[in-house]
Amino acid sequence: MNHVTLLGRLTREPDARQTADGKSRCTFTLAIDRHSKKEKTDFIRCVAFGRTAEIITQYVHKGQRLLVSGSIWTDQYEMDGVTKYTTDVAVDRMELIERKSDSTQSQGGSFDSMGAPVPVEDEIPF
């Protein structure tokens, strides 16, 4: 099973592009703090496609918290005769954790990989 869920802050504005077939693509990096004896931060590169990429590009900005879930993709390529390896998180779902204007208030907005809102239950049934 290849599944990952991450909660972190964007290190810079998302990079929006179009694929060769015209599909929206967005890459961004999440800064995620480790909780250990020595505080460290991991920087995880993420990629989203389609409506999810459009939503991230439009509504999420540098410094905002974002919750993503997806799968890990690894790849390799040659540059100047040296093989380079990459690891990215392919985002299937994302949730906007806070608004740009107010980083202390939560904004519950969940979207699936097609960009459709995910319904949130108003009450817990127990």
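This is a predicted model: local features need pLDDT of at least 70, side-chain atom pairs count only at pLDDT 80 or more; totals for chains, interfaces and linings use all residues.
1. How much of the protein do buried residues make up? They account for 33% of its 126 residues; here buried means under 20% relative accessible area, exposed over 50%, and partly exposed anything in between (1.4 Å probe, protein chains only).

2. Residues are numbered from 1 along each chain as its sequence is written, and side-chain values use heavy atoms, with hydrogens and water left out.

3. On confidence: pLDDT, the predictor's confidence in each residue on a scale from 0 to 100, averages 84 over the protein, and 78% of the residues score at least 70. Two stretches need a caveat. Residues 102-107 stay under 50 in pLDDT, and the model has nine contacts for them beyond four places in sequence. Residues 120-126 also stay under 50, with zero such contacts. A contact here means heavy atoms within 4.5 Å.

4. Now the fold. The protein has one helix and seven strands, and along the sequence they run β-β-β-β-α-β-β-β. These are DSSP runs numbered from the N terminus: helices are H or I with at least four residues, strands E with at least two. Of the contacts with a separation of 6 or more, 51% join residues 24 or more positions apart.

5. The largest nonpolar core has 19 residues, and Phe28, Leu30, Ile56, Leu66, Val68 and Met94 touch the most other members. Core residues are supplied, at least two from each, by β1 (4-10), β3, β4 (40-49), α1 (50-59), β5 (65-79) and β6 (82-98). For the record, a nonpolar core is a set of buried Ala, Val, Leu, Ile, Met, Phe, Trp, Tyr and Cys residues joined through side-chain atoms within 4.5 Å. In soluble globular proteins, nonpolar side chains tend to be buried together.

6. Leaving aside residues up to four places away in sequence, Thr29 touches Arg9, Leu10, Thr11, Arg12, Phe43, Ile44 and Arg45.

7. There are four salt bridges, each a side-chain nitrogen of Lys or Arg within 4 Å of a carboxyl oxygen of Asp or Glu. One of them pairs Asp88 with Arg45 at 2.5 Å, N to O. Asp88 lies in strand β6 and Arg45 in strand β4, so this pair ties together parts that are 43 residues apart in sequence. Asp88 is buried at 14% relative accessible area, whereas Arg45 is partly exposed at 38%.

8. Two further salt bridges. Arg34 and Asp42 meet through their side chains at 2.8 Å, N to O; Arg34 is partly exposed at 38%, and Asp42 is partly exposed at 24%. Arg51 pairs with Glu54, their closest N and O atoms being 3.2 Å apart. Because Arg51 and Glu54 are three residues apart in helix α1, about one helical turn separates them. Arg51 is partly exposed at 37% relative accessibility, and Glu54 is partly exposed at 36%.
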